Amino acid sequence: MKRLLLGFGATGMLAWLIASYASLGGRAVAPLRFPSYPPVWALQAMSLGNKELASTLIFYNAQFYFGEKYAWRRETPEYQRLFVALDKATDLDPRNMDCYYFAQGLFSDIKPAIPVLNRLLQKGMRYRPNDWYLPFFLSANYYFQLKDPVTAAHYLQRAAALTPNSSLFASLSARMLYQGNQTDAAISYLEAFIKETNNPGVRQMLFKRLEALVAIQYLERAVAAFAKEHGHPPQSLTELIRFGIIKKIPADPYGGTFELDATGRVVTTSKLVEAWKNHDKRNQNQQAQ
Amino acid sequence: MHSFACIRALGLATLKGGLRDRLIQSLLLAGLFFLLSTLVFSSFSMRQPLEVAINYSLATVQILAILVTLFLGLNLLSREIETRAGYLLMGQPISRTVYLLGKFYGLCLLNFLIVAFFGLCAALSLPLVKIGLTNAPSIAWGNFFVAQLGILGISLLLGAVTLLFTALATSAVLPFLMTVGVWFIGQSTEAVKNYLEAGLTAQPMPPALKWLVTVAYYLFPNLSLFDFKVYAIYGLTIPPLLAGYALIYGLVYMVILLLLAATLFQKRDMT
Amino acid sequence: MTSAIKTSKLSKQYKKGVRQQQVSALLDLDLEIRRGEVFGFIGSNGAGKSTTIKILMGLIQATNGQAWLFERPVTDPAARLHVGYLSEHPHFHDFLTPLELLHLLGTMRQMERKTIARKSEELLGLVSLSEAANRKIRGFSKGMVQRLGIAAALLGDPDLLILDEPMSGLDPLGRHLVATIIRDLQRQGKTIFFSTHIIHDIETLCDRVGILVQGHQKYVGSIQEALYPAGNLFEITVRMPEQWAPAQTILGSLRLLWHKESLYNFELTEAEISSATQAVIAAGGGIVTLEPKRRSLEELFLDLSGKFGEKGQSDLTSPAS
Ligand SMILES: Nc1ncnc2c1ncn2[C@@H]1O[C@H](COP(=O)(O)OP(=O)(O)OP(=O)(O)O)[C@@H](O)[C@H]1O
Ligand SMILES: [Mg+2]
């Protein structure tokens, strides 16, 4: 018995040492890649009758990968692979809320990903009919990305019907339905989302987006104040500084610069989103160099 | 009446053997360790730590019960024939069927104890997970219990499979490996069959493969039938028809396996 | 009087390997052991002794023929109710202790809990395992395992004991113990059927012996008849004084088998005994032993096998028993 315990202890220590070595020493050298998982039926067979656990493990892997890749290494994650993995995980266990939540956090900014993301969320709604988050996410995606306020309102109503505490939706739905300020709506949606998020990588990503939105909101308000004062909108953003309305133009966390477009709206030269399509190619190029 | 007393005595002796087996002891230890880690494991979940905790602990109990069955089958059934320790018992005034049933009873006892013990450990760890959570759902204890019964069903079916293979083969490792094979196939036939039938494959499936999968589906025990974990994890209502079907299926399958094993065993030369 | 063991045309062919090669281990064995008899079963390695015993214990199935224990066919488990068995290579559930094992076996023999406890204690004492009664069998030496096997065989107070080489692996004390046990049981009217390679055991214990040669039964009957053929010779061992010329006495005409220091060993016929002993005493020597010359077991086997080889049938069969 004693020997047994000793053996257990020793293996545990060894595993720990290897793991910590890999995470310290290996990090700088090996490129971090996200695995592409086998088909769902094979995953299910390999799970040895624990497909829900397999689903959780895929989600954990995705979560840890994202955290390390995005927050630690500051590299572009392989979004498409991540999405496919989450899709497979939700095929294994279509009730795995973590996956839907994580997917919404990751992909709701990425316009080209919205159709597949929405399909994923709808799968979730079929299996979690009482979960208000899923229609809430769908509503946000339809509103902000697909610019479809009618469908967005429909989903928001479903979400509101599912939660006894619908104060969250009151301001949001008002803003959505009455074509209020998009930036304000987006900020309140993001704040609501961030409040429920504890994954550091995802939080960091959402904060970055929030930072950009707050900057836009700040500039939009300044533009509005300028218009009120002068009776016409400013020619450019630098005019705002010249007239002393703001001290400086905030930086775009995505690396672009803010400017005014022809219609007088605040825009940025960056896409305000993470890359979706080309990341795999880019990673390959990085490796080839 | 006397046969029952023999089966009982044999079962108790087998149980002792199981509890005194090094391999099984270390498996149990590993199981305890895993259950302890439930708290840590579930903490990585973003939205559903309690669900993950239930999921993880049930999966641990299931893997553990199956591994114990496999190794018990190896060490206490197959190896007993291989080392001739069982001949002493077969030389007693009992029929081989009684011997076989006694062994199976021991397996049942041990599995029952293990599932009950670890089920209890898991049940005790769940409220701990719940402590820090604000709006966690309530735990569906009834479903949790049914899921444990399902796990017991799987491991007992596999035990009966080991028994059958032990009656067939002369070496001890062969039944073990074959049971592992049955476990693997049995828990995946339904998924593979559903997948193939859904017609999601890129190429049309060759009829031979379809035939093979169908045969495997009906020949091997359909272990996914006993998987009630999802009902326990998400607190869903268990369809009574499904539970009843699983119960009857399991019993019938087990009886058939035992009958086959007894018939084959009767004929075997214990040289 | 009913028989304890009876076989009729009992045959066993083992099928070996993938090609099912047949090995004939036993052919047409006809045996009848009476109640109260001590029967020795001998034969060279691979002769088929263990095969016979395993068929009697229902462990293997005969290819042909039948066997009965106390008039019940061996295929009926109840036939073994009053039979104690010691296998050739006893192997036990080594995770149990002797007491636990005996308890398990006692339950199968429909014994009462109390009887089992009393009997186990008594038997473990008999085979000097009392000390180890609560130790796991895993750590037992070969001899200890053999002793436990003997205790297990005796547990149900059986009327018939079937022992496959009961002396193997035992120290001299153990052998003596087994011999004593067998004699005791015989006195109680029990039947004992055992296989052995030790000629001494056969001579001192058995009423009758059966000899197997390559699966064929070559002889059944008294061991005296088998080992001391009629018209037999004797061996005399004498101690002679130092100045002694063999040629001067009658001893000079006898065949000297061996001599060592002052000991001399001669072969002689029954008729020569009296003159030879007188001559020894006259020469101032002493008689150490005088015994009938017997064939060794090896010689007997050779003899039987040879005859079998030549004629296919032995002329050493005993009168029908
Ligand atoms: N399981 C088996 N498969 C094939 N042949 C076997 C098997 N067991 C025994 N035999 C053969 O049957 C014959 C008789 O074997 P058995 O064990 O009865 O001999 P035995 O008289 O007990 O010999 P020993 O004195 O060595 O114990 C041998 O030729 C042996 O090779
Ligand atoms: Mg033998």
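Predicted model: local features only at pLDDT ≥ 70, side-chain atom pairs only at ≥ 80, totals over all residues.
Local features need pLDDT of at least 70 and side-chain atom pairs pLDDT 80 or more, while totals for chains, interfaces and linings use all residues. Residues are numbered from 1 along each chain, chains are lettered from A and ligands numbered from 1 in the order written, and side-chain values use heavy atoms, without hydrogens and water.

Visitor: Between which chains does ligand 1 lie?
Guide: A residue is near a molecule if one of its heavy atoms lies within 4 Å of it. Of the 15 residues around ligand 1, those that come nearest include C:G46 and C:K49. The ligand itself lies between chains B and C.

Visitor: How many Å separate an oxygen atom of ligand 1 from an N or O atom in the side chain of C:S50?
Guide: A polar contact is a pair of N or O atoms within 3.5 Å. A backbone N or O atom of C:G48 is 2.9 Å from an oxygen atom of ligand 1, and for a polar side-chain atom of C:E165 the value is 3.4 Å. For the side chain of C:S50, the distance is 2.6 Å.

Visitor: Which element gives the largest share of the shell around ligand 1?
Guide: Helices (H or I, at least four residues) and strands (E, at least two) are DSSP runs, numbered from the N terminus. In chain C, β1 (3–16) and α1 (49–56) each give two or more residues to this shell. The largest share, three residues, comes from α1(C).

Visitor: Why does C:S50 count as buried?
Guide: Buried means under 20% relative accessible area, exposed over 50%, and partly exposed in between (1.4 Å probe, protein chains only). C:E88 is partly exposed, because its relative accessible area is 22%. C:S50 counts as buried because its relative accessibility is 13%.

Visitor: Which residues is B:K193 in contact with, leaving aside its neighbours within four places in sequence?
Guide: B:K193 is found in helix α8 (residues 173–197) of chain B. Contact means heavy atoms within 4.5 Å. With those neighbours left aside, B:K193 is in contact with B:V213 and B:Y217.

Terms used: Polar contact = N/O pair within 3.5 Å; in protein donor to acceptor, adjacent residues only side chain to side chain.
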